[in-house]
Amino acid sequence: MSASWEQQVDFPPAGRFKVYDLAQQLYTGVPHHPNHPPYSFSLTKRHGEVMYPDDVSAAAEMITTGGHVGTHVDGLAHVSKLGKVYGGVDIVANQTYPEGMLEVSVHELAPMAGRGHLVDATRALGRPLTPEDGVDADLFERWFADKPVPRPGSVVLVRTGWDGLWEDNAAFLGTNTGAPGVVLSGAQWLTEHGVVASGCDTVAYERMPNPTLEVHCHLLVERGVPIMEAMNLSTLAEDEVWDFFFTASPLSIRGGTGSPIRPLAFVPAGAAA
């Protein structure tokens, strides 16, 4: 990217730009972690069933989904340690089934917007990733050695190549194999550079299995950094777009621990490959 582009990415781009949609499509049968309910869809009214004057009709649908299904963000109430979430809030004493999280609900999470960076771990390692691969501080150091380094307020997205398995539920979820992802030293590298959010193309962001969820604990509980999961980062990587203006926002779900999102990357038209 040119120096002028590096100066632009801190602000919403003006003029002509290309928009990359970083969300996976939602449809019945999308991969979902076994801890969360599946996404489902049904029409509730078909065209022709209810008619208006002049032969006009309308259709509608009903969708049901978990807050952590499809491309989504983990809010700060998603994971706790010793009963506490970010800010030392006693979340055990601030939750009910009907009302959800009474503190740090996902509806309080500010929209994520600002300078974005893509780290393509497959390119950094020169090969497809395996479930044994972890994205660590050393990989981040090597990736950013010749690129603009994240600074406070940045958003960093990590591509493992697992987004290419989206149509294969068992393989994408790593049910029998595990899956690659960010490890603790990588998460610490990100927070040391002041990132305000991070995302990945896998279902769990961190390398799995990891029963202690140490990366989630570091980012969500210790540092208050939201995590985005199940992103589609393939087109950005194909076009070698490493820097961009990023935006995503959760739905205003009162009491929620997570939410579907529609993340977008904006690149000046002349800067995209």
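Does Asp239 count as buried or partly exposed, and what is its relative accessibility? Let's look at what the predicted model says: at 18% relative accessibility, Asp239 counts as buried. 

**Figure 1. A salt bridge joins Asp239 and Lys18.** In this close-up of the predicted model, the closest N and O atoms of the two side chains are 3.2 Å apart. The partners come from distant parts of the chain, 221 residues apart. Lys18 belongs to strand β1 (residues 17-21), while Asp239 sits in the loop between α7 (234-238) and β17 (243-248). Asp239 is buried because its relative accessibility, 18%, falls under the 20% cut-off. Lys18, by contrast, is partly exposed at 33%.

**Figure 2. Arg159 and Asp120 meet in a salt bridge between two strands.** Here the N to O distance is 4.0 Å. Arg159 lies in strand β13 (residues 155-159) and Asp120 in strand β11 (residues 112-120), so this pair ties together parts that are 39 residues apart in sequence. Are these two side chains buried or exposed? Both Arg159 and Asp120 are buried.

**Figure 3. Glu240 in a loop pairs with Arg123 in a helix.** The salt bridge between these side chains has an N to O distance of 3.4 Å. Glu240 is found in the loop between α7 and β17, and Arg123 in helix α2 (residues 121-125), so you are looking at a link between distant parts of the chain, 117 residues apart. Glu240 counts as partly exposed at 43% relative accessibility, and Arg123 is also partly exposed, with a relative accessible area of 42%.

**Figure 4. Five charged residues are linked in a network of salt bridges.** As a reminder, side chains of opposite charge can pair when their charged atoms come close. Which residues take part in the network? They are Asp120, Arg123, Arg159, Asp163 and Glu240.

**Figure 5. Phe41, Leu43 and Ile63 make a nonpolar surface patch.** The patch covers about 290 Å². One of its members, Leu43, is found in strand β2 (residues 40-45). Leu43 is partly exposed, with a relative accessible area of 44%.

Conventions:
Residues numbered from 1 in each chain as written. Predicted model: local features only at pLDDT ≥ 70, side-chain atom pairs only at ≥ 80, totals over all residues. Heavy atoms only, no water. Patch = residues over 30% accessible without salt bridge, like charges linked within 9 Å, V, L, I, M, F, W, Y side chains within 5 Å. Areas by Shrake-Rupley, 256 points an atom, 1.4 Å probe, with all protein chains shown as cover. Helix = DSSP H or I, 4+ residues; strand = E, 2+ residues; numbered from the N terminus. Buried < 20%, exposed > 50% of the residue type's maximum accessible area, 1.4 Å probe, protein only.
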